[in-house]
Every structure is written in C-alpha cells, then in structure tokens.
Amino acid sequence: MSLDQATVARIARLARIHIPEGEQAELAVELSRILGWIEQLGEVDTDDVEPLRSVMELDRNWRVDAVTDGDCRDDVLANAPAEHEGCFVVPKVIE
Amino acid sequence: MSFRIEGATGSWEIVCGLEVHAQVATASKLFSGASTAFGGEANTHVAPLDAGMPGMLPVVNAKAIEMAVMTGLGLNARINRLSIFERKNYFYPDLPLGYQISQYQTPIVGEGVLAIDLEDGSRKDVRITRLHLEADAGKSIHDQLGDGTLIDLNRCGVALMEIVSEPDIGSPEEAVAYMRKLRSILRYLGTCDGDMEKGNLRCDANVSVRPAGSTELGTRCEIKNLNSMRFVARAIEHEAKRQVELIESGGTVVQETRLYDSVRGETRSMRGKEEAQDYRYFPDPDLLPVVLDEALIEDLRARLPELPDARKQRFESEFALSAYDAGVLTDERATADFFENVAAGRDAKIAANWVINDLYGALGRKGLSIEESPVCAERLGKLLDLIADGTISGKIAKDVFSSMMEDPADPLAIVEAKGLRQVSDTSAIEPVIDDIIAANPDQVASLQKNPKAIGWFVGQVMKASKGKANPKMVSDLLRAKLALPD
C-alpha cells in the first residue's frame, strides 16, 4: 500500500498537524515504507487464532458508581490560557 | 393509515430512522468518578480525566453497563457478550481528549424491537438496530463573549446510550409515538429519566422521501439535536417537504447534516462539518473489552419490572379498563402504581375515572407531577370508600377532593368538619320535599303530563339540602309523594 501526497495532506488536516506542502511528498514515501513493513504481518496465517483484545489477562475492573472525583475546578483550569466565570475560553467557534 | 406528502408530481412517503441519545441515570460519569448532577457551577463536575489531562486512565462504571444491558433487555434486544470501546477521533473544543470514547463495530446491545401505538388504534413494530454506550461531550457557549467561546466540561464524560432505529418510521406521528414509547420504557426501567428539557433525552432524525409505493430509499439528511417531542414532529415534516420540493423542481438531495431552527421552523445545512467525516475509529487501548457473563445478564433479566405493554394488557384484562384508559394509566410507571394502589379492593373503573379525570386535571392545573401529588393514593382510596358506603354522594366527593388538594386531612375529617355527610334519613329529607311541593303547584300540575320533569324537583331538593341529600332517596320519596311510577 502506498500513500499519495493528497492523502498525506488529508491525514495531516484531520490530525491538525501543519505539514508544509514541500514536505508532503517526502513524507508520503516514508509513510508508504512504514505501511509496507507492517503489511508483512499479512503473510502470517491467523485463520485459527483468536484476536488478542488485550495484552494482559486482566479481570474486569469495573468501577462502583459513586462520586469520588471532580470539584477541583482550580486544578482543571490551571493550564487554561484564558478563563471566564469558571469556563475555559477558546477562540470563537463559528458554526 | 399511511402518511403522504402531496407534491406537484404525485404522492410521496417519508422514510425515517431515529438515533436517540439517552443519558444513563448513573451518579458518576462513564469513565471517571465526577458527578453527573445537572446544574452545577461550570467545571465543578470535572475529573482530570474528563479534562483530558495526560496520564489519566478511564475505568468503566459498572452501573452504566448494567443499565445498558437492562435497556437492551427491555427492548427485546440481543445482548452482546463481548463489546469494545473505541476512540472516535475529531477535534472540537468541548472534547478535550480529541476523541470520544464510544462503541463502533461491537456495541453492547444488538437488534431489538419497539412496538408503537398509533392514534387510530393500530400498532407497529419499529426495529432497533443497536444500542451502544458512549461518553458525552462538554458544552460550548457561543453568545457570552464577543470574541471567544466558553467551554464547560460538566457534561463531558457523562454516560449516554445511543439507541439507533431502522428506517421503519413513516410519519411525524410515528416518530413521536416511538420517542414517547422509548421514553416510557426507559423511565420504567429507571435507566434514563427521559427529561428532554435538560437534554437527558434527545434525538437525531435521518429523513428521506420516495414516491408513494416505491421500495427504493432516497438520499437522506440527518437533522441534529431535536430536544422536544414537538420539534421531532415538526423538523421531520419540514425536512420531508423540503426534499419533495427540491426533487420536484429538478434538484437532488445531498446527504448532509442539518440543524433544526425551532424559531423559524426550518432546517438548514451545517456546512463545513461535511468535509472529512473520517473518525478513524480504533479500539481504545486504555480500556478492556466488556465481557458479560450469563449470571449478570440473568440477574438483570430477573430484576426487569413489568413494562408498559404488559402492564397495559393486564389493566385491560384484570380491571376491565378500555384500551385508552389502560394506555393513559400505564404510560408512566408512577401513575400506574398510583392507580393500582387506589384500585386495590375497590371498583377499578371508578378508580380509573378519578385518577384520569379528577386527579390528572387537578395536578395539571397546579403544574405538578404524580409524584408531587398532594393527594396520595391512600387518601384518594379513602374518599372512594366514602362514596361506596353512602357517606357522601359522588358530587359532594368532587368538593371534598378539591379540599384534599389543599388540606392534608383525612377525607372523612374534611366531610365532618364541613358537614358534608350525605343525608339518608327520610325524616330529614321529607320536610324539604313537602315544602317544595307546596311552593310549586304549577310544576306539580305539569308533572302529571310530563313525568320526566321530576328531575327539576330532585334538583330543587338537592339545592335546598346543599347537595347533601341522598339523590336516590330524594327521587324515591318524590315519586311516592307525587304518585308517579318508579
């Protein structure tokens, strides 16, 4: 599988990563090489193998429904670049 | 009765499926221990995990899983023994993690069915595609600051059940019936409070149109965030008409997301969100698959309450109520419980009339719910006993009931205090009758020609006794004194 430059530009936009146009072609080659490397996994016959859903055999760790957290607004907002009346302030979102 | 839109070129039918978001009635969030309470100060119900702080791990809320399974059982749906939480990636300021934790390929609940009752008395099955668990996003407030948007994360991470139907809904009425029935079942199960005003139950509608009788599906539009029953009906109808007009004038429906503007009563395109609807789902590596064992499922099944359909049928057979009355009484679990307490050991039909007409009416005027009723089932039952044993007439009972809405006293105490006890003593009624006969010779004369005019005399006696005379006794005594046949 190989990626073209347009696909790289699209993935970058989806991930909100700025990649200048001049770097996209080179990145397409690099990413295609990585994908090719991963595609080798397809050579292994896994027809009778159950998918591994978790690397550890853990017992289920469900939580009891109780309020044990929250009420720490100052901590939550500590890194906010701006706040107003207890809310985060972000650049205006235009619908 | 099928719903049709009459266009310029012919008849059209609506094809609609609903995606309902129901907030799970848990105390804490789906993956954090922060509170889900409504109306807290901004960002006070937020754990570091909900704010997307690095190094935090989600741990699933057992109650949310149980409630999702319970809801699945209530919808006669398949419960998936294995389900997986995945990350749905998109950027929006009210989603600090940069992804929503949801279930995609393997939801916790699969196919089910919901039977809806329509106004013409018919029933229709609407197929459920799936129910999955996901975390809600926060709230963006756009209109408070001129150049900024405010973000409150109190809702962020609250457990939602997304319940998706097949496109089996053919009219605005069916859509509302579906929402009402789903709401009723959720409330019976106690898995969602169904409060649409608070946004705890809301839906997106997928709407398309096709020529009547056609079996092909047209291109659909999704209308987002309908938060009242009225808006559901109006938005679907409006959107279907828009599509018919568009097609008939030579245009093509474009698959897109639209917003319903309740002020203008129209839907409009949400442009910009269409590009790159690529959520790049993948299993969340921080969460284990949800594995349900049979013991848990059977335990939940055993705890299922009697659901509205079964209860309605029982009310019809056990209490000989009409389908309409049984439906009204079983719509809400609290009302059905109330009615059953009143009806126990009494005439069920009379109990139903009192609950539906008098109690509903009085509560409606005060804007109260059945849970807030000043007259409890036990007191209403005692009032009905007073009618049954002849202590008061049905008419006087209405006055006593009005007093009971204001006064917590026992109905008998109210009757005694106000001197409303029915007079069934002939020696007390006879003088009143004699006076009225003596005072109205003309009426007596006309009575011989028109025996039905006796009603006028009964009315006069009742009036003179301030409604307290036993009406049956008054009528009997009058007939005897005036020598009329029974």
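A: In this predicted model, the sulfur of Cys192(B) lies 13 Å from the closest cysteine sulfur, that of Cys203(B), which is too far for a bond, since a disulfide is taken as a pair of cysteine sulfur atoms within 2.5 Å. Cys192(B) has a relative accessibility of 2% and therefore counts as buried, where buried stands for under 20% relative accessible area, exposed for over 50% and partly exposed for what lies in between (1.4 Å probe, protein chains only). Cys72(A) is likewise buried, with a relative accessible area of 16%, and its sulfur is 13 Å from the closest cysteine sulfur, in Cys156(B), again too far for a bond. Counted by that distance rule, there are zero disulfides over all chains.

Two points of convention belong here. Residues are numbered from 1 along each chain as its sequence is written, while chains are lettered from A and ligands numbered from 1 in the order in which they are written. Local features need pLDDT of at least 70 and side-chain atom pairs count only at pLDDT 80 or more, whereas totals for chains, interfaces and linings use all residues; side-chain values use heavy atoms, with hydrogens and water left out.

Turning to the strands of chain B, strand S13 (residues 257-261) has four of its five residues buried, so that the strand is mostly covered; helices (H or I, at least four residues) and strands (E, at least two) are DSSP runs numbered from the N terminus. S12(B) and S13(B) run parallel and are joined by three bridges, two strands being paired if DSSP finds at least two bridges between them. Within this pairing, Ile223(B) has Arg258(B) as its bridge partner in S13(B). To get from S12(B) to S13(B), the chain passes through helix H3 (residues 229-248) of chain B, and this β-α-β crossover is left-handed; the right-handed case would be the one in which, with the strands pointing away from the viewer, the path from the first strand over the helix to the second runs clockwise.

S13(B) also pairs with strand S14 (residues 266-269) of chain B, here in the antiparallel sense and over four bridges. Arg258(B) takes part in this pairing too, with Ser269(B) as its bridge partner in S14(B). In the hairpin formed by S13(B) and S14(B), four residues lie between the strands, and Gly265(B) takes a positive phi near 65 degrees.

Most residues other than glycine have a negative phi.
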